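Please open the model in your viewer and keep the selection panel at hand. The tour below goes from stop to stop, saying what to select and what is there.

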Amino acid sequence: MKRARASEVIEALKERGFHYSGKDADGRFTLTGELARDASEHGIRCEVALDPDFFAIPRVRLLDIPKHFPAAVPHIGAYGDLCYLAPGSIVLDLFDPVGQTIACLDQADRVLCQITKGELVEDLVEEFFAYWNGPYCLFDVPRETSGRQHCLIAEGDDGLHWFITDSVGRTTKKIDLLGLKVTRSPPPTYRIKTTAMPRPNPRSWPPKTVNDILEWQSQLDRSCRRKIHERIQQGEREKRICILIFIDSPLMTYGFAVIYDRSKAKVKLADRRDTTFGLKVLLLTAMRIDDQYLAQRNIPGMQTLAGKRVGLIGCGTIGGYLAEMLCKAGAGTVGGKLTLVDFDKLLPQNLGRHRLGFSHLLKNKAVAMVDELQRLAPGIEVEAIQTDARQAVLNDFDLLIDATGEESLGHWLCDTTPRTVPMISAWIEGPGTAVRAMIRTEDVSAGCYRCLWHGNRRGELRSVVGDVPLVLAGHGCEGLYVPFPASVSVQAASLAMDLVLDWVNGKSSPTLRTRVLDTTRTAAAADCDLQPDAECPICRS
Ligand SMILES: [Zn+2]
């Protein structure tokens with residue numbers, strides 16, 4: 001059936017003047033023909049490669065690059081590949097391979113026509129990363145810092161890895177975790193800021209010498225060009241073998257190495273005064289690995305937990321998953337700190353629904369969780385307090401979270417922690433009947449966890465209509481427990497995490513949130529802003 005469909009597509013392309021030329025090394029059907037035909041029916045020779053399964057869009061490659069095309073052309077890759085659709089922007093319809101393939105080819109034709117007319121040049125900015133190819137350089141530097149940086153060169157089984165950092169200690173932890181060894185004396189590294197969006201120089205690309213770099217930069221940002229030149233001349237005076245320069249543009253950070261090979265440097269007569277012009281450059285691809293970027297990448301435009309002091313009480317089934325999510329949102333980075341409080345040990349009966357596994361068995365849950373988080377995000381500031389929350393000092397936080405699911409502890413925390421510290425509580429009702437989370441804000445006119453308890457007793461603000469079932473399991477020395485799977489804890493942790501992200505972005509409403517998980521039950525209370533209860537002994541006073 002697949003074969004029949006492929007042959008239909010090939011027939012459709014033949015009607016457009018394409019010729020079948022066989023299968024390529026990856027098993028794709030290839031055809032050759034012309035696209036972007038002009039008035040006299042002359043076009044650009046292209047190869048179209050079809051995925052036999054039609055999961056991928058057809059690959060279109062220019063077989064002849066027209067002589068009048070400049071060195072950098074938008075949407076055309078190093079091997080003549082034409083980028084005519086952003087990956088992931090469309091989903092191919094497996095049931096209409098002919099229609100979809102023709103639509104793709106028409107789009108490719110349109111893009112190529114525009115390129116031929118010299119249009120789409122602005123797209124060179126968007127695509128700049130595709131024109132800046134070199135060895136990877138992993139950046140462990142928050143974006144603000146510029147000037148002199150440290151470079152670490154680490155060796156692994158697969159060769160050398162370059163790291164740029166403003167904190168050798170923090171980055172060394174990351175390098176250790178990757179199983180790499182720091183070697184060699186590092187070259188001096190500089191960062192320079194520019195407001196110019198980079199775009200390749202259409203006349204000569206890629207840059208091969210300092211002269212190419214400087215000429216190109218003079219078209220983009222003259223002050224940046226001057227700073228680059230000064231650093232390169234400084235390297236010359238200091239008799240360096242190599243220096244690294246990274247340019248922070250609003251679009252991306254890109255960098256290059258300058259190689260001071262004085263003996264071989266060919267210097268044009270005109271450049272005699274400054275021997276650095278002829279030096280070779282090696283382009284480097286910068287990839288950010290700094291904590292701010294890792295936390296921000298998936299929530300663009302939102303505040304992260306960077307710089308915040310967050311206390312998490314309870315590292316059980318909810319707290320374990322929540323601790324990991326806090327960490328993913330930047331807790332413990334950029335001067336912030338994450339404190340985990342738990343007196344309990346991780347026992348075999350916990351493993352079926354705990355974030356941690358067998359390797360942490362019999363260890364204190366807070367200590368084990370710190371160990372795990374350090375592995376997930378090396379260098380973060382995270383601390384374990386191995387005591388009952390009632391014995392811990394809990395006033396030095398921007399945010400407190402109670403993930404113990406223990407009602408009486410919740411009341412105690414409301415009573416004893418300062419009202420100026422916002423507190424989020426998350427818990428599970430019944431055997432996974434519902435999950436709930438609430439925030440007690442600094443606002444004294446808002447309700448607390450104890451207020452909700454009073455309301456619930458009178459049948460108000462309940463999670464579901466009717467009573468929540470009391471189900472207990474377990475026997476003997478194991479003790480009684482409420483059975484529910486890990487999926488329930490993950491949803492409680494997620495609900496709490498949404499409140500955390502809302503809080504850090506200045507939004508707390510609705511302060512009480514419920515998700516009913518038992519599909520046979522009806523939700524009772526809609527998400528709302530909890531009001532103080534007249535009976536609450538904490539809010540009443
Ligand atoms: Zn209250």
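By class, three nonpolar, two polar and two charged residues make up the lining of the largest cavity, where Ala, Val, Leu, Ile, Met, Phe, Trp, Tyr, Cys and Pro count as nonpolar, Asp, Glu, Lys and Arg as charged, and the others, Gly among them, as polar. To see this lining, select Asn201, Ser204, Trp205, Pro207, Asp212, Glu215 and Trp216. A cavity here is a set of points, on a 1 Å grid over the protein atoms alone, where a 1.4 Å probe fits but cannot get out, and lining residues have an atom within 4 Å of a point. The largest cavity holds about 40 Å³ of space, a volume being the space filled by probe spheres set on the grid points, which are joined across faces, edges and corners.

Before going on, note that this is a predicted model, in which local features need pLDDT of at least 70 and side-chain atom pairs count only at pLDDT 80 or more, while totals for chains, interfaces and linings use all residues. Residues are numbered from 1 along each chain as its sequence is written, and side-chain values use heavy atoms, with hydrogens and water left out.

Stay with the cavity lining and select tryptophan 205 and tryptophan 216. The structure holds eight aromatic pairs, and rings of Phe, Tyr and Trp (its six-membered ring) pair if their centres lie within 6.5 Å, with planes under 30 degrees apart counted as stacked, over 60 as edge-to-face and the rest as tilted. The ring centres of tryptophan 205 and tryptophan 216 are 5.1 Å apart and the planes stand at 70°, so this pair is edge-to-face. Tryptophan 205 lies in the loop between strand S10 (189-193) and helix H6 (210-220), and tryptophan 216 in helix H6, so the pair ties together parts that are 11 residues apart in sequence; helices (H or I, at least four residues) and strands (E, at least two) are DSSP runs, numbered from the N terminus.

Next, select Leu305, Leu322, Leu326, Leu340, Leu373 and Ile401, which have the most contacts inside the largest nonpolar core, a set of 47 residues. Such a core consists of buried Ala, Val, Leu, Ile, Met, Phe, Trp, Tyr and Cys residues joined through side-chain atoms within 4.5 Å, and buried means under 20% relative accessible area, exposed over 50%, and partly exposed in between (1.4 Å probe, protein chains only). The largest share of this core, 12 residues, comes from H13.

Now move to helix H12 (residues 449-457), where seven of the nine residues are buried. The buried residues of H12 pack against helix H11 (407-416), strand S18 (423-429), strand S19 (434-440), strand S20 (512-516) and helix H14 (537-540).

For the last stops, look at the backbone. Most residues other than glycine have a negative phi, and most peptide bonds are trans. Lysine 239 has a positive phi of about 55° although it is not a glycine, and at 65% relative accessibility lysine 239 counts as exposed. Leucine 461, in the loop between H12 and H13, also has a positive phi of about 55°. Finally, select serine 509 and proline 510, which are joined by a cis peptide bond with omega about -10°.

Methods. Contact means heavy atoms within 4.5 Å. On a 1 Å grid over the protein atoms alone, a cavity is a set of points where a 1.4 Å probe fits but cannot get out, and a pocket is an open set with protein on both sides within 12 Å along at least five of seven lines; lining residues have an atom within 4 Å of a point.
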